[in-house]
Amino acid sequence: MTARRSFLAYTAALAFSAVAVTSALAQNVTLRSADIHPDGYPTIEAVKYMGKLLEERSNGRIKINVFHSGQLGQEKDTIEQTRFGVIDINRINMAPFNNLIPATNVPSLPFIFRSVDHMRKSMDGPIGDNLLKEFEKHDLVGLALYDSGSRSFYNSKRPIKTPADMKGMKIRVQQSDMFVALVSALGANATPMPFGEVYSALQTGVIDGAENNWPSYESTRHFEVSKFYSVTEHSLSPEALVMAKRSFDKFNAADQALIKAAAKESVLKMRQLWDAREKESEAKVKAGGAQINQVEKQAFIDAMKPVYDKFVTDAKLKEMVAAIQAVN
Ligand code: GTR
């Protein structure tokens with residue numbers, strides 16, 4: 001081949017690959033999904049599973065890349081980025097939405113659910129569907145609701161058996177006014193703080209304790225610096241899986257339906273992973289020296305009236321509380 005002919009072949013090949021790349025980009029989308037938990041945590045694996053379903057059903061056109069371990073930021077910050085469409089999908093607890101979306105307070109309320117089964121039944125039906133719709137007013141599409149087990153208090157000082165044992169303790173809560181009120185009603189001092197800062201705050205004594213489910217207490221290794229875990233099970237605040245409306249609106253109706261179906265189907269997967277992980281985490285923290293105690297639960301339930309009075313204010317929220325209580 002002469003030099004001139006090989007140059008022509010080279011430029012033609014370049015031009016061809018540029019076309020190929022452009023059309024591939026137009027068809028193929030990789031959605032960026034945020035999560036603060038480490039790789040392997042049930043929420044991460046559930047969203048990866050959703051991605052696998054999507055990829056299969058779209059013949060490889062739509063994929064999800066899960067950025068775990070808070071790579072895209074702490075939860076409260078990622079809400080804003082998702083509203084702007086910078087992050088496409090976000091798996092995040094209900095609590096950081098509480099101040100923005102009043103209805104999200106309801107499933108986070110203390111002792112609103114009688115059991116995990118009650119929570120699942122409520123969130124699987126029309127109450128959960130209506131809750132997911134609430135996100136739409138805030139540039140988000142509610143895709144699914146995941147389990148988050150039950151949250152209990154842990155601290156470095158002493159076992160908590162009654163609310164009196166919490167008096168004056170500094171307890172980290174999520175960035176939610178409702179959680180601040182919950183902890184204040186128990187006589188402790190609530191300190192709202194991003195999840196990623198809790199370990200060192202416990203270690204340095206900036207706070208005395210926090211509250212979370214077994215898997216988070218274990219995966220964060222908070223049990224190393226806060227060994228008294230008191231089984232209050234005060235909130236079953238579920239996890240929310242949301243999508244940026246701006247990203248969702250770029251898809252046609254058929255792809256939107258694919259996305260929603262894959263998200264819904266990941267809920268069952270998440271529950272299987274969650275149930276197994278809860279048991280593993282409980283065993284791990286016990287082996288790691290955590291001291292677990294039961295509490296006088298009724299005393300905690302009785303102290304929660306001010307929280308309901310403050311956050312269940314309008315008719316819509318009252319109806320939602322009543323609807324949940326009516327689920328058998
Ligand atoms: C976890 C939850 C996270 C986050 C965290 C926290 O249980 O999965 O989304 O809300 O608790 O306490 O900040």
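**The ligand and its surroundings**

In this predicted model, an N or O atom in the side chain of S216 lies 3.2 Å from an oxygen atom of the ligand. The protein buries 99% of the 320 Å² that the ligand exposes when taken alone.

For E75, a polar side-chain atom is placed 2.5 Å from a ligand oxygen. For R172, the corresponding distance between a polar side-chain atom and an oxygen atom of the ligand is 2.7 Å.

From the ligand, attention may turn to the chain. Its secondary structure comprises 14 helices and 11 strands, and its C-alpha atoms fill a box of roughly 90 × 45 × 30 Å along the principal axes. Of the 328 residues in the chain, 52% are buried, that is, under 20% relative accessible area. Where contacts join residues at least 6 apart in sequence, 75% of them link residues at least 24 apart.

The surface and the charges complete the description. The chain has an accessible surface of about 14700 Å², and carbon and sulfur atoms account for 55% of this area. How many positive and negative side chains does the chain have, and how far apart do the centres of the two sets lie? There are 41 positive and 37 negative side chains, and the two centres are 3 Å apart.

Terms used. Residues numbered from 1 in each chain as written. Predicted model: local features only at pLDDT ≥ 70, side-chain atom pairs only at ≥ 80, totals over all residues. Heavy atoms only, no water. Helix = DSSP H or I, 4+ residues; strand = E, 2+ residues; numbered from the N terminus. Buried < 20%, exposed > 50% of the residue type's maximum accessible area, 1.4 Å probe, protein only. Contact = heavy atoms within 4.5 Å. Areas by Shrake-Rupley, 256 points an atom, 1.4 Å probe, with all protein chains shown as cover. Lys, Arg positive; Asp, Glu negative; His and termini not counted. Charge placed at Lys NZ, Arg CZ, Asp CG, Glu CD. Polar contact = N/O pair within 3.5 Å; in protein donor to acceptor, adjacent residues only side chain to side chain.
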